[in-house]
Amino acid sequence: TMNLSIPQISYASTAPELSDNTRYDFFSRVVPPDSYQAQAMLDIVTAMGWNYVSTLASEGNYGESGVEAFVQISREMGGVCIAQSLKIPREPRPGEFDKIIRRLLETPNARAIIMFANEDDIRRVLDAAKRSNQTGHFLWVGSDSWGSKISPVIQQERVAEGAITILPKRATVEAFDRYFRSRSLSNNRRNVWFAEFWEENFGCKLGMHGKRPGSLKKCTGLEKVGRDSSYEQEGKVQFVMDAVYAMAHALHRMHRDYCFGYPGLCPRMSNINGKELLGYIRSVNFNGSAGTPVVFNQNGDAPGRYDIFQYQITNKSTAEYKVIGQWANKLHLNVDGMRWRTGDPTLRASVCSMPCQMGERKKIVKGVPCCWHCERCEGYNFQASEFSCELCPYEQRPDRNRTGCIPIPIIKLEWHSAWAAVPVFVAVLGILATSFVVVTFVRYNDTPIVRASGREMSYVLLTGIFLCYAITFLMIATPCLAVCSFRRVFLGLGMCFSYAALLTKTNRIHRIFEQGKKSVAAPRFISPASQLVITFSLISVQLLGVFVWFSVDPPHTVVDYGEQRTSDPEKARGVLKCDISDLSLICSLGYSILLMVTCTVYAIKTRGVPETFNEAKPIGFTMYTTCIIWLAFIPIFFGTAQSAERMYIQTTTLTISLSLSASVSLGMLYMPKVYVIIFHPEQNVPKRKRSFKAIVTAATMSGKLVQKGSDRPNGEVKTELCESMETNSEYFTLVDRI
């Protein structure tokens, strides 16, 4: 076919495809295309907070094009998903509309239904919803085919209640009403269809040539439009007038440009080009019959201007369409003026998934961005964004809402804690007991028992015992640079003092009796001064190790977040502690333990020395007990390394072990002496003095008698042994003098 290039201006065509300027380049219209209508409907859906909707279209260009435009715009803008897109056939079978309602109910969360359907289909869809007892379930959003029409909702007001519809903004042209009401058969002969309208409007017959057969009354010709019949202005009158005026304005401007000052058509306009006229049409700009501008865009479309209605049932149970907003490239909606189901003013949601709670991330359902599962951010994760959880920094934990991270509380061993109270109580008792022993020994410094104990070594040993008790307070004190420094120095020093002194004592006893077996000459280095030198030489090794530790790794505090990093972040705590690792602790105590083991070996070697010879056997019992204590300490200390209360258990275990070690030494070595000094002073008097040779000889003989006793019947050796007891009691008094 030949393209005549004839411009057209439509007053009613709203199909979106007519905006295609490559196919319909000479087409213009004074009504907005349905794509604007679809945009307005999408804006309404978004404003309502709905993101999951279904569409329903009547088969045909209007319905299918409208839904297609809605789906395309929603896909481009995002945020709204289409649950189902259903089509109403041109010739629906019986039960078709009931089937459509059942299909829509397959996605019950998609309550909002976008409808591009003719009014007859709308009426039958509402009727099917009513039959299915779905009154109040669906949220209808209707296009201009529904608009403010009564026919689709009559007798089914309840099921249509709350429906939102749109209609191109239009105004009643009063001049047209005055003109049309004044028309009669006599003054409107030029309209060939007017007679037929007259018969239809007034229900009468115009003579023999009337168009309406039957026995109707005869028209008088004096009937009046609007008086003898109902009259309402057709909604498209405004657009018809605007279309005519648009063409008139275009021709007027063209005539002014081509035929300026020439009445009628000039030769230049006698054979005009369609493209030239189209240019004048597209450039018109005037106020139309409704007072709004009439303009065209590059595609020939008029701007979109819509009124938004809601079908409401008033308090008087009367239903009506109420204007609740308008759309002109932007939505203006009066949400407060909207009413939903009678007796239930709340807005129903049309969403696939409800919003996630704070601290939950969205896990999108594949292919449906509006549907998701909410997953709690577990463990030490917090909600970093709408769709992701991230791990908090190591020193932090999630807040209660899991929307951010907060610092993990830092704790330390408190004085009022039961874990601290017991060691402190034991340490205080030990310090009091040690002080009592020291005071007693100082007061009775020159008595035989004190002198026989080796005064200088006793004071060294008591100093070590005191330090073992005192370290408890450093272990519980709040960690700081000074406390951590003192911990390093004194942690192993107390044990080192104690076991260096005991090792020196047991070694001296062993050497004396070994020497006594060979000769009566006194062994070397058994004087108090020599013993002190040996003891402090052993102690200096510990101090040297500590100073090396200081230089290699200066003391400082650390916060250990791993120790109490529980599965429940609410219970997680950072532990303030000194930077003394388990390995460093063992190294610090290791030298003292070595001294203790060596001392135990000597205690075993001197086990055959008669119990009256100084402290050989009490020292032996002390070392055996101490070894048992520290053997028990190791599994308890290292076996609780994974416990949430590791700090408490290990600190308490260490301090109790040190206090018990000190208590064993204090109890076995010094309490019997203090008891004798205070309660049996008669035993604390000088004996007759004999030479070293005589005493050692007697001691050696005593040892032999003891050895013989193992080969004789019980009691046979008692007489000989008792005779030597007095001799043996003088031994260490003499040694002390030496």
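This is a predicted model: local features need pLDDT of at least 70, side-chain atom pairs count only at pLDDT 80 or more; totals for chains, interfaces and linings use all residues.

Visitor: Which strand is Gln84 found in, then?

Guide: The strand to look for covers residues 81-88. Gln84 is found in strand 4.

Visitor: Is Gln84 buried or exposed?

Guide: The cut-off for buried is under 20% relative accessible area. Gln84 has a relative accessible area of 10%, so it counts as buried.

Visitor: Which side chain makes a polar contact with the side chain of Gln84?

Guide: Leaving aside neighbours within four places in sequence, Gln84 is in contact with several residues, including Val53, Ser54, Arg103 and Leu104. For the polar contact, at 3.2 Å, the side-chain partner of Gln84 is Thr107.

Visitor: How is helix 3 set against helix 4: roughly parallel or roughly perpendicular?

Guide: Helix 3 (residues 96-105) and helix 4 (residues 119-131) have axes 9 Å apart, at an angle of about 65°. Angles of 65 to 115 degrees fall in one class, so helix 3 is, relative to helix 4, roughly perpendicular.

Visitor: Which residues of helix 3 make that contact?

Guide: On the helix 4 side, the contact involves residues including Arg124, Val125 and Ala128. The contact residues of the two helices divide into 5 nonpolar, no polar and 4 charged. From helix 3 come Phe97, Asp98 and Ile101.

Visitor: At the start of helix 9, which backbone nitrogen does a side-chain oxygen of Asn273 reach?

Guide: Helix 9 spans residues 274-282. The side-chain oxygen of Asn273 comes to within 2.8 Å of the backbone nitrogen of Lys275.

Notes:
Residues are numbered from 1 along each chain as its sequence is written. Side-chain values use heavy atoms; hydrogens and water are left out. Axes are lines fitted to C-alpha atoms, for helices over the stretch in contact, and angles run from 0 to 180 degrees between N-to-C directions. Helices (H or I, at least four residues) and strands (E, at least two) are DSSP runs, numbered from the N terminus. Angles under 35 degrees count as roughly parallel, over 145 as roughly antiparallel, 65 to 115 as roughly perpendicular and the rest as oblique. Contact means heavy atoms within 4.5 Å. Ala, Val, Leu, Ile, Met, Phe, Trp, Tyr, Cys and Pro count as nonpolar, Asp, Glu, Lys and Arg as charged, and the others, Gly among them, as polar. Buried means under 20% relative accessible area, exposed over 50%, partly exposed in between (1.4 Å probe, protein chains only). A polar contact is a pair of N or O atoms within 3.5 Å; within protein, one must be able to donate a hydrogen and the other to accept it, and residues adjacent in sequence count only if both atoms are side-chain atoms.
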